[in-house]
There are 2 protein chains.
Amino acid sequence: MGTVGKAVSLLEKLGRGAPEAALADLARRAGFDKATTRRLLVSLIEHGLVEQDETTRLYRLGAGIARLALLREAQFPFLRMAVPVVEQLAAETGETVHLSEYSKRGLISVHVVESAKANRVSVQLGEVLPLHATASGIAFLAFTEEHVRAGVLAGPLPAFTPHTIGDAETLAEHIAAARARGHSTGSQGYEEGVLSVAAPILGADGLAIGAIAVAAPRVRIQKGDIERHGASVAAAARGISERLFGRLPGRKQA
Amino acid sequence: MGTVGKAVSLLEKLGRGAPEAALADLARRAGFDKATTRRLLVSLIEHGLVEQDETTRLYRLGAGIARLALLREAQFPFLRMAVPVVEQLAAETGETVHLSEYSKRGLISVHVVESAKANRVSVQLGEVLPLHATASGIAFLAFTEEHVRAGVLAGPLPAFTPHTIGDAETLAEHIAAARARGHSTGSQGYEEGVLSVAAPILGADGLAIGAIAVAAPRVRIQKGDIERHGASVAAAARGISERLFGRLPGRKQA
DNA sequence: AATGTCGTTGCAAATAGTGAAACGATCATG
DNA sequence: CATGATCGTTTCACTATTTGCAACGACATT
């Protein structure tokens, strides 16, 4: 692993778990030498990506991270454009709605509006959702480039619940169905007892850049809810694309 | 400069200017060799901090940045706690209010509510505000550790306008006055024609972690406005500290 | 006191990063 | 249509940065 890989890996370790971490703890979790870990951390501190408590010597993510994220949002206002639509969809459905953006490993949940109901689905911000095990992931896969889809179908499909789709064939069917309908459904593939409906958010080139999903406890879903929410979530996804790119992107044939 | 420094420097170059940048452009701006620049970028891409448009080959900041920022906000909910107070202060004063957080180089503006008035002060999100030239910076310096304050007083004090405080002695007086009053004032030190009033947001140890400021066009400020806004902004800053840390931190003697 | 763990620093060994050059591809320009 | 410039990419020998071990004092626990 290159040096920058190690540095980023430390940032991720700092992001998980407790708000602050000790040097030896980080070195252990990352598998680096104490000396190496420390030198990487001081480099990151010098650039504001990490901060250190002067008295406890504990490390935490720095404000430079927030700065980069703000600059990015200024360049590509995904949240600013999408959040109002998410809120609207949450109000319309009364269920938890979450918005995610594609990145290397999977879909990163970037905004969540939780249902007001007592029994509701909860999603952690910044969490990476697996592409094969969530409605959002399947919606994304249905409208992404062939090589990404092929990569997921070829790779391992780890099970998160007993209901997680485990074989590539079934997954391919779900993806094809989602492409045909314009939205996907997920049934307890990631969390037990949760049903979801998701639609892809398409970029200017017609390929998915993220997804929006409605997630509800299984017990609350009535006949017809799936279809109703499916239409709503697909409309919301289109709305976000239009706000971001002006007109609705042409749908790419696969 | 170490390797991680170079990598971070590329991230900052990507954050400034156009939403996407070409390899040769980045190499020139950063002063690195084309080959070096590319290798750093692919490392960053592998970890999701940078993305590349498959067809145009242009680079941009990746969703991994947003992920880290979200994880950080989950660990230390600065925005979640502060934003409502900022909105409230903006409504109360009718002027632009901005919130900033301290980092290595200066105060990073992390949230802004612009005045509804036509003639209003505008602040760029993610911008780094100089500590010696803004009301926020002086408020921060008045309640930070001695060595940080000394470092700023010792270092160069670049002028952004003809009104920027240029000598350490005057700056020290402003800082002392801010410490005595609990809030600071800034007069066209960073942007011409802008008057500001700011107060420090104190951490659990009584030292400043950021600042909140009201900024208005000079022409609109009446007698008494400074004092009124000073009291409001100081109260808002205390409110944020209390929301973040429970009780009001004890004020540290300097 | 003794033992364990912590953060920090120095050093020689080695790995990882470096820049120049060459490549084909692409895009203006004449 | 040919030319020249610029682009992104790859290779390779060289160098410098990074690395891990070991030792250190400080601290906390036993």
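I began with a hairpin, which joins β3(A) to β4(A) through two residues. My helices (H or I, at least four residues) and strands (E, at least two) are DSSP runs, numbered from the N terminus. A note on origins: this is a predicted model, where local features need pLDDT of at least 70 and side-chain atom pairs count only at pLDDT 80 or more, while totals for chains, interfaces and linings use all residues. Residues are numbered from 1 along each chain as its sequence is written, chains are lettered from A and ligands numbered from 1 in the order in which they are written, and side-chain values use heavy atoms, leaving out hydrogens and water.

**Around β4 of chain A**

I looked up how β3 (residues 96-103) and β4 (residues 106-113) of chain A are joined, and found seven bridges with the strands antiparallel. Along this pair, Glu101(A) faces Ile108(A), and His98(A) faces Val112(A). Ile108(A) also has a bridge partner in β5(A), namely Val128(A). Two bridges link β4(A) and β5(A), again antiparallel; I count strands as paired if DSSP finds at least two bridges between them.

Is β4(A) mostly covered or open? I found eight of its eight residues buried, meaning under 20% relative accessible area, with exposed over 50% and partly exposed in between (1.4 Å probe, protein chains only).

**The whole sheet**

I then traced six strands in an open antiparallel sheet, in the order β5-β4-β3-β8-β7-β6 of chain A. β5 (128-129) and β6 (184-187) of chain A are at the edges with a single partner strand each, so one side of each lacks a neighbour in the sheet. Helix α5 (residues 78-93) of chain A packs on this sheet, touching β3, β4, β7 and β8 of chain A; contact means heavy atoms within 4.5 Å.

**Between the chains**

How many residues does each chain bring to the contact? I noted 50 from chain A and 50 from chain B. Together the chains bury about 4200 Å², 64% of it on carbon and sulfur atoms; this is the accessible area (1.4 Å probe) lost on putting the two parts together, summed over both. Val4(A), Arg67(A) and Gln75(A) supply 17% of the area chain A buries against chain B, more than any other three residues.

Arg67(A) came up again: its side chain meets that of Glu12(B) in a salt bridge (3.3 Å, N to O). I counted two salt bridges between chain A and chain B, each being a side-chain nitrogen of Lys or Arg within 4 Å of a carboxyl oxygen of Asp or Glu.

How values were computed:
Axes fitted to C-alpha atoms, helices over the stretch in contact; angles between N-to-C directions.
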